[in-house]
Amino acid sequence: MDVVILPSAADVAAYAADVVAARIAREPDAVLGVATGSSPVGIYRELARRRREGELELARLTCFALDEYVGLAPGDPHSYAAYLEREVAGPLGLPADRVHVPEGSGADLEQAAQAYEQAIAAAGGIDLQILGIGTNGHIGFNEPLSSLSSRTRALALSAQTRADNARFFDRPDDVPTHCLTQGLGTILEARQLLLVAQGQRKAAAVAAAVEGPVAARCPASVLQFHPHTTVVLDEAAASGLTLGGYRRPDVAGRGDAEQQRSLDDPPCS
Ligand code: GLP
């Protein structure tokens, strides 16, 4: 696991965008796994800026969402499908049919979960999966005690996750109770993982994920099994880490040759 600690949330977005851009430069038709929530928004805006300014070609990209709420009407602005249209498809110039989202509004959730796994496989698997982390250590919506080898499925959201996500809804009771999410086993099959976290409220979950034992009580700890994971943190999100040896690249030197080498060949993976 390559853990990179940077001074600010803006630095996290720029660094993580560099990781994504490096992958797309090598593989212009890459399959990108896209997280929702507030954590990756800066990455998407930075990628969109680079595209606008002609620095990055994204036209051949395909995207797969990590998860979706169950029970929201199609087109509901709180759905992750709507989020991805706003933050990813539009700004990155992708046709809507190249951004796949699990079907959380249908009647047969088991069938929707299987269809989603099949769609990922038919696309050749995910090359780079962007991840945030919940305050309880979830990735996607894999809540504590999720099987570490789980596949895409429907499950209930924890009280903590519903409370955390209430800020995106008008009333706390409006937060859906269930979701469809890629499983931890599904996420581990992506060829490269990129987790970003900003702010003090993520510090305990990040410490458990990076330094804790691999355990279902902190689902993100399963990333320790993956051979190519980059974790990009601001100082606040990193403040619960107690071991030394994490990388603190000179952000003023971003873009130099040394930095590019480290993006391509994480030293501790
Ligand atoms: C949400 C999403 C996750 C996201 C996490 C953190 O509920 N399902 O994919 O990474 O929780 O959210 P945020 O980035 O808003 O803190």
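**Burial, loops and the ligand site**

Reader: Is glutamate 46 buried or exposed?
Author: Glutamate 46 has a relative accessibility of 17%. Buried means under 20% relative accessible area, exposed over 50%, and partly exposed in between, with a 1.4 Å probe and protein chains only. At 17%, therefore, glutamate 46 counts as buried.

Reader: What kind of model is this, and which conventions apply?
Author: Residues are numbered from 1 along each chain as its sequence is written, and side-chain values use heavy atoms, with hydrogens and water left out. Local features need pLDDT of at least 70, side-chain atom pairs count only at pLDDT 80 or more, and totals for chains, interfaces and linings use all residues, since this is a predicted model.

Reader: In which element is glutamate 46 placed?
Author: Helices (H or I, at least four residues) and strands (E, at least two) are DSSP runs, numbered from the N terminus. Glutamate 46 is 137 residues from glycine 183 in sequence and 28 Å from it in space, C-alpha to C-alpha. Its place, spanning residues 41-52, is helix 2.

Reader: Which residues come nearest to the ligand?
Author: A residue is near a molecule or strand if one of its heavy atoms lies within 4 Å of it. By class, the shell has five nonpolar, seven polar and four charged residues; Ala, Val, Leu, Ile, Met, Phe, Trp, Tyr, Cys and Pro count as nonpolar, Asp, Glu, Lys and Arg as charged, and the others, Gly among them, as polar. Of the 16 residues around the ligand, those that come nearest are Ser38, Ser39, Asp67, Arg167 and Lys202.

Reader: At what distance is an oxygen atom of the ligand from an N or O atom in the side chain of lysine 202?
Author: A polar contact is a pair of N or O atoms within 3.5 Å; within protein, one must be able to donate a hydrogen and the other to accept it, and residues adjacent in sequence count only if both atoms are side-chain atoms. A backbone N or O atom of serine 38 lies 2.8 Å from a ligand oxygen, and a polar side-chain atom of histidine 138 lies 2.9 Å from a ligand oxygen. For the side chain of lysine 202 the distance is 2.7 Å.

Reader: What share of the area that the ligand exposes alone does the protein bury?
Author: Accessible areas come from the Shrake-Rupley method with a 1.4 Å probe; for residues, only the protein chains shown count as cover. Taken alone, the ligand exposes 390 Å². Of that area the protein buries 97%.

Reader: Which phi value does leucine 145 have?
Author: Leucine 145 lies in the loop between strand 6 (128-131) and strand 7 (153-156), and its relative accessibility of 71% makes it exposed. Most residues other than glycine have a negative phi. Leucine 145 is not a glycine, yet its phi is positive, at about 85°.

Reader: How far apart in space are leucine 66 and phenylalanine 141, C-alpha to C-alpha?
Author: Leucine 66 lies in the loop between strand 3 (62-65) and strand 4 (67-69). With a relative accessible area of 2%, leucine 66 is buried. In sequence, 75 residues separate leucine 66 from phenylalanine 141; in space, the separation is 8.1 Å.

Reader: Which backbone nitrogen does the side chain of threonine 186 reach?
Author: Threonine 186 is found in helix 6 (residues 184-188). Its relative accessible area of 7% makes threonine 186 buried. At 3.4 Å, its side chain reaches the backbone nitrogen of threonine 152.
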